[in-house]
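Please look through the structure shown here, and keep it in view while you read the explanation that comes after it.

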Amino acid sequence: MDAANRGQVTRSAADIYEEFFVPALFSAWTEKVLDRALPTGGDSFLDVACGTGVLARSAAERISDEGKVTGLDCNDGMLAVARRMAPGIAWTSGQAEDLPFPTDSFDAAASQFALMFFEDRVAALSEMKRVTKPGGRVVAAVWDDLSNTPGYAAMTHLLDRLFGAEAADALRAPYCLGDPDGVAGLFAKAGMEGATVERLAGKARFPSIASWVETDVKGWTLAEIIDDDQFALLSKAAETEFRQFVQADGSVEFDHPAIVATARA
């Protein structure tokens, strides 16, 4: 995978990611993931590929000692934002496929919308299982297929038409695991057969079309692909082509479901 398909963003993009992507896409899912990872509470939790830390921050609200919440990511820009947002959480640099923690370290481990970017998904899930105490939960959330996600299906089509496959593929990358059977198969290969796999409804919400386009480009790997002139062209086209997603108050909303898998370590 290249950097775009691995979801690696710059430090400036990480700030935009936290300010705009987190409320638009990610914050609504933390409770659903934690309800499956920590249904009766727990003393320690690992957020794998934590990004700017939205899941870890939510976990710290459930665990009395936030120092027992750990977030791991390989992107320095993401971790810099995470440390600024919640300095009490243990933020660690590292790869999901080689977690730098002893066996049986955590009551639960989860990865929210990152599994699709791992170089070796089975190895990453195996590592999550290894560091989770026996009987603890391992949870992974991934985005559903683009065919069930009309806003990003439209955005990807527009990017492809205007700029070609490289830009479109960067936005397709987060949706590459939108198959419940495929996700269950990854868990089985990682030694967690019989994982519970659910397709859950969700919504993407942005203040406006302009905000949506800016977030997608400036807060994602597209920032390295689309220049200022192309950004202006995309913004103009989006105002016309994405009207079906605009609500009465000018905000944008569309279906954005996810697949969530839960297994016992």
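The paragraphs below go from the whole chain to its sheet, and then to a single residue.

This is a predicted model, in which local features need pLDDT of at least 70 and side-chain atom pairs count only at pLDDT 80 or more, while totals for chains, interfaces and linings use all residues. Residues are numbered from 1 along each chain as its sequence is written, and side-chain values use heavy atoms, with hydrogens and water left out.

The mean pLDDT of the chain (the predictor's confidence in each residue, from 0 to 100) is 92, and 95% of the residues reach 70 or more. Over residues 2-11, however, the pLDDT is below 50, although this stretch has 28 contacts in the model beyond near neighbours in sequence, a contact being heavy atoms within 4.5 Å. Where pLDDT is low, the predicted coordinates should not be read in detail.

The chain holds ten helices and nine strands; these are DSSP runs, numbered from the N terminus, with helices (H or I) of at least four residues and strands (E) of at least two. Its radius of gyration, taken over C-alpha atoms, is 18 Å, close to the 18 Å that the globule rule (2.2 Å times the number of residues to the power 0.38) gives for 265 residues, so the chain is as compact as a globular protein of that length.

Seven of the strands form an open sheet with mixed pairing, in the order E3-E2-E1-E4-E5-E9-E6, where two strands pair if DSSP finds at least two bridges between them. Strand E3 (90-93) and strand E6 (196-200) are the edge strands, each pairing on one side only. Within the sheet, strand E1 (residues 45-48) and strand E2 (residues 69-73) run parallel and are joined by four bridges, and Phe45 has Val69 in E2 as its bridge partner. Helix H2 (residues 30-37) packs on this sheet, touching E1, strand E4 (106-112), strand E5 (132-143), E6 and strand E9 (258-264), and its direction makes about 155° with that of E5; here axes are lines fitted to C-alpha atoms, for helices over the stretch in contact, and angles run from 0 to 180 degrees between N-to-C directions.

Finally, turn to Thr215, which is found in helix H9 (residues 209-218). Is Thr215 buried or exposed? Thr215 counts as buried because its relative accessibility is 1%, where buried means under 20% relative accessible area, exposed over 50%, and partly exposed in between (1.4 Å probe, protein chains only). Leaving aside neighbours within four places in sequence, Thr215 is in contact with Phe20, Phe21, Phe206 and Trp220.
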